[in-house]
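Student: I'm new to this one and would like a close look at a single part. Could you pick a helix and walk me through how it sits against its surroundings?

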Amino acid sequence: VTILISVAGVLIFGEVIPMSVLTGPRQFQLSASLAPLVRFIVCILYPVNVPCAKLLDLIVGKEQQSILDRRDLRALIQQNCERGEQQPCSGKKRGNSAKRGKAGGVALGQIDHDETRLVVSALDFCSQTASSCLR
């Protein structure tokens with residue numbers, strides 16, 4: 001019961017009311033006028049939030065960021081594509097995206113050849129020059 005009440009409260013006061021009040025032509029003016037109130041609430045709750053954050057860091061541990069560079073992300077995407085088919089992604093195409101989930105098509109959650117090629121091309125885009133595209 002407590003969980004239902006808290007979820008309902010967050011939904012009503014955090015989603016429904018703000019979306020109904022802060023939409024329309026004056027949404028930026030209303031948001032700007034409420035900014036001091038939000039800053040005040042943050043300052044008031046700061047003494048509670050800092051000890052809670054420190055306690056959670058001790059219990060759970062600090063968040064470890066795993067950052068992939070372009071080369072690692074490209075290799076991960078290609079590996080995912082190759083795992084889902086017999087040939088490597090640079091070879092023969094599998095089914096198109098319209099056949100997802102059907103027999104002979106691409107299983108849900110897998111990246112097909114066209115998607116892999118699109119993402120790899122987007123990752124390689126920053127290293128492209130205009131003259132290489134015109135050839």
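Tutor: Before we zoom in, one term: two residues are in contact when they have heavy atoms within 4.5 Å of each other. Keep in mind, too, that this is a predicted model.

Here's the setting. Of its 135 residues, 8% count as buried. Among contacts between residues at least 6 apart in sequence, 36% join residues at least 24 apart.

Let's take helix α4, which covers residues 113-124. That's 12 residues, reaching 16 Å from the first C-alpha to the last, close to the 16 Å expected at 1.5 Å a residue. Its buried residues are H113, T116, V120 and L123. Look down the axis of α4 and those buried residues fall within an arc of 95°, so they line one face of the helix. On the face of α4 turned away from the buried side you'll find the exposed residues L118 and A122.

And what lies over the buried residues? The cover includes α3, residues 70-83. The axes of α3 and α4 come within 10 Å and cross at roughly 175°, which makes α3 roughly antiparallel to α4.

Now for who touches whom. From α3 come R70, L73, R74, I77, Q78 and C81, and they meet H113, T116, V119, V120, A122, L123 and D124 in α4.

Technical notes: Residues numbered from 1 in each chain as written. Predicted model: local features only at pLDDT ≥ 70, side-chain atom pairs only at ≥ 80, totals over all residues. Heavy atoms only, no water. Helix = DSSP H or I, 4+ residues; strand = E, 2+ residues; numbered from the N terminus. Expected span 1.5 Å × (residues − 1). Buried < 20%, exposed > 50% of the residue type's maximum accessible area, 1.4 Å probe, protein only. Arc of directions from axis to C-beta. Axes fitted to C-alpha atoms, helices over the stretch in contact; angles between N-to-C directions. Parallel < 35°, antiparallel > 145°, perpendicular 65-115°, else oblique.
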